[in-house]
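Okay, everyone, thanks for coming. Let me put the model up, and then I'll walk you through a few spots in it.

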Amino acid sequence: MSEEDVDCDEREDRDGDRDLERVVAEIRDRVDPDEDERARLRDVADRLIERAETAATDRCDGADVLQVGSTARDTWISGDRDIDVFVRFPPELDRETLEEYGLEVGHATLPEGHEEYAEHPYVKGEVEGFDVDVVPCFRLESATEIRSAVDRTPFHTRYLERRLDDELAAAVRVTKQFLKGIGVYGSDLRTRGFSGFLTELLVCEYGGFRPLLEAAADWQPPVELDPEGHGRAHETATPSRDVAGGNADLDLPFDDPLVVIDPTDPERNVAAVCAEANVARFQHYARAFLRNPRLELFESEEPDPLTGAELREHLERRGTTPVTVRFEAPALVEDQLYPQLQKSLEGITRGLDERGFDVFRATTMADGTAVVFAELAVSERPAIERHEGPPVHVRDHAEGFYDAYADDPDAYGPFIDGDRYVTERDREFTTARSFLESDRLFDVGLGAHVETALEDGYDVLVGEEVTALLDEFGPELAAYFEPHP
């Protein structure tokens, strides 16, 4: 390589660095809360904590209150309006009493609030534009002693307060915005992406936004990170990274594409909910940003709804047959609904495949109604199907097969093809519609609430009939037929 080529490469690298720094600086201007916003949040949080402390200590000696989450750790993005107030009760309190006291403290703190339920009930409300959760938990010495998932949260806050400085907190905010922009931020069971805590751990582990992207660009899943060395086969081993960007020599009991051992609880993978596709999507966009830094990657936009003409054009071009099972969405929170929809999607697509309809691609959607949507390479099968028996020389099984079909007037055969008996018999379903409209749909393994909803009635749409979905699911269908990473 000539000196001129080297100089050119160096100039390109410098230009790329300047572009990246410029984009990151602009994003920081957008996501860093200003002093007025911070002051408003502190004022509201302080008043809520004071209210909660008064109510908690009136009911239980030894109770205390603390603020947790991103607003406590200064990793919240400007415009986010969440304040999480945790009320800790002594561990000797029984679960029922904790829930009772927790709700009483919640309502005293948020008089206009309402009750919601996770592992146990808590109170949610709004105060001066801030969304507030008042959550009871046990005050424990170690996160390994937890009785419910929320008991870990104070340990997470304490751990990160020791590791985060102002620059890392700013890098977390930029990273969160990047993850939001590419559609992989959120640990809810609809998104199955990167939680706030996972994002904070990754930024701390790699030392910033850019180092994280550079590492992720070269990840080779399964990626394993163990910030406190909990999973090491040898306690005296010192942390080291392999070429995949993870820790070497780990002995971890997890089977996930991304493993980040909870620094406060060695039995938990913080990234367990993160879907394989979202890990891959993060890698794709990490490379895309490093190659060409641009603001657009931080900006999430819902696709324009697909029109009827556009949908029909896609169907004609693809030559596939879409089929849809549409029903009233069960009245569940999303974290309960989407696992059931996913289970039902897997069951229905498996049932279609087993009957020879060859599912090309499939998805599920929900709003007022819920939809299992499958695109078929084959939508109609012959009236008969081939059924192979055992080889003739396997005497007992072969004779049993032959006798079972020898007197069946509707079957062709049995006859010998190669070394085995074969019969051709009537196919149970010749079209995908006939299967989906039959009671056999209920044999495929559906989510419990989905099965109940289907028992109350459902519609099957085939081919161009799926244009009836556009009013409710136009953007989702656009995302399906016009996919991107």
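Quick convention before we start: helices (H or I, at least four residues) and strands (E, at least two) are DSSP runs, numbered from the N terminus. And this is a predicted model, where local features need pLDDT of at least 70, side-chain atom pairs count only at pLDDT 80 or more, and totals for chains, interfaces and linings use all residues. Residues are numbered from 1 along each chain as its sequence is written, and side-chain values use heavy atoms, with hydrogens and water left out.

So, confidence. pLDDT is the predictor's confidence in each residue, from 0 to 100. The chain mean is 92, and 93% of residues reach 70 or more. The stretch to watch is 233–249, with pLDDT below 50, though the model gives it 37 contacts beyond near neighbours in sequence; contact here means heavy atoms within 4.5 Å. Where pLDDT is low, the predicted coordinates should not be read in detail.

Asp74 sits in the loop between α3 (70–73) and β2 (82–89), and has a positive phi of about 60° without being a glycine. Arg192, in the loop between α6 and α7 (196–206), also has a positive phi, near 55°. Asp74 is partly exposed at 24% relative accessible area, and Arg192 is partly exposed at 38%. For those words: buried is under 20% relative accessible area, exposed is over 50%, partly exposed is in between (1.4 Å probe, protein chains only).

There are cis peptide bonds too. Pro221 to Pro222 is cis, omega near 5°, with Pro222 in the loop between α8 (209–216) and β6 (223–225). Gly413 to Pro414 is cis as well, omega near 5°, and that proline, Pro414, is in strand β13.

Now the aromatics. Rings of Phe, Tyr and Trp (its six-membered ring) pair if their centres lie within 6.5 Å; planes under 30 degrees apart are stacked, over 60 edge-to-face, the rest tilted. How many aromatic pairs does the structure hold? There are 17. Take Phe178 and Phe289: centres 5.8 Å apart, planes at 65°, so edge-to-face. Phe178 is in helix α6 (residues 166–181) and Phe289 in helix α9 (residues 276–291), so the pair ties together parts 111 residues apart in sequence. Phe178 is buried, at 0% relative accessibility, and so is Phe289, at 0%. Both belong to one aromatic cluster that also includes Phe194, Phe209, Trp219, Phe282 and Phe298.
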